[in-house]
Amino acid sequence: MNSVQGLLAASVISIQNSCFVYPACQNCFSRLTLDSRRFNCLKCGCTGEAKDASYRYRLSLKIADTDDLFDITVFGSCLDPFFGVTAENLQRYIQDFSQLSGETNTESSTRVLVQAVETCFIGKRFIFGV
């Protein structure tokens, strides 16, 4: 499943969504459902305390090579060098920023993060393992 079938040199045209980290099951990497106290994995049944949930990167991109457009999603720690921190730490920074600024709505901090990610990726050329 994780084996690279080929390499594709392409430029990033756009970022497809603004959710770059998600709570991930440590067993199967599926998205966890969280409530205020617990997490649950609908795929494998893993459960635990919400404060112990781990986070993972998920970056959905529209890319183009010389001939075609593609929608791809890049997952996991390969994005650590681009963000400068692990997904867990980025999530913690976002939560801490929201608490310190008194934001009940994380819209403004999300907007700033999206702008930073767009600046880092859009128009740049990368080699993707597909």
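Predicted model: local features only at pLDDT ≥ 70, side-chain atom pairs only at ≥ 80, totals over all residues.
**Exercise 1.** Work out which strands of the open sheet of 3 strands stand at its edges, and why one side of each is left without a neighbour.

*Solution.* Begin with the strand order, which in this open sheet is β3-β4-β5, with antiparallel pairing. From that order, β3 (32-34) and β5 (47-49) are the edge strands, and because each has a single partner strand, one side of each is left without a neighbour in the sheet. From one strand to the next, the twist averages 25°.

**Exercise 2.** Describe how strands β6 and β7 pair, and state how many residues lie between them in the hairpin.

*Solution.* Strand β6 covers residues 54-64 and strand β7 residues 69-75, and the two are paired in the antiparallel sense over 7 bridges. Together they form a hairpin, with 4 residues between the strands, and Ala64 stands opposite Leu69 in β7.

**Exercise 3.** Characterise the second largest pocket by its volume, its lining and the elements that contribute to that lining.

*Solution.* The volume of this pocket is about 360 Å³. Its lining consists of 15 residues, of which Gln91, Ile94, Ser109, Thr110 and Leu113 are the closest to the centre. The elements that give two or more residues to the lining are α2 (87-101) and α3 (107-121), and α2 gives the most, with 6 residues.

Notes: Residues numbered from 1 in each chain as written. Heavy atoms only, no water. Pairing = 2+ DSSP bridges. Axes fitted to C-alpha atoms, helices over the stretch in contact; angles between N-to-C directions. 1 Å grid on protein atoms, 1.4 Å probe; cavity = no way out; pocket = protein on both sides within 12 Å on 5 of 7 lines; lining within 4 Å. Points joined across faces, edges and corners; volume = space filled by probe spheres on them.
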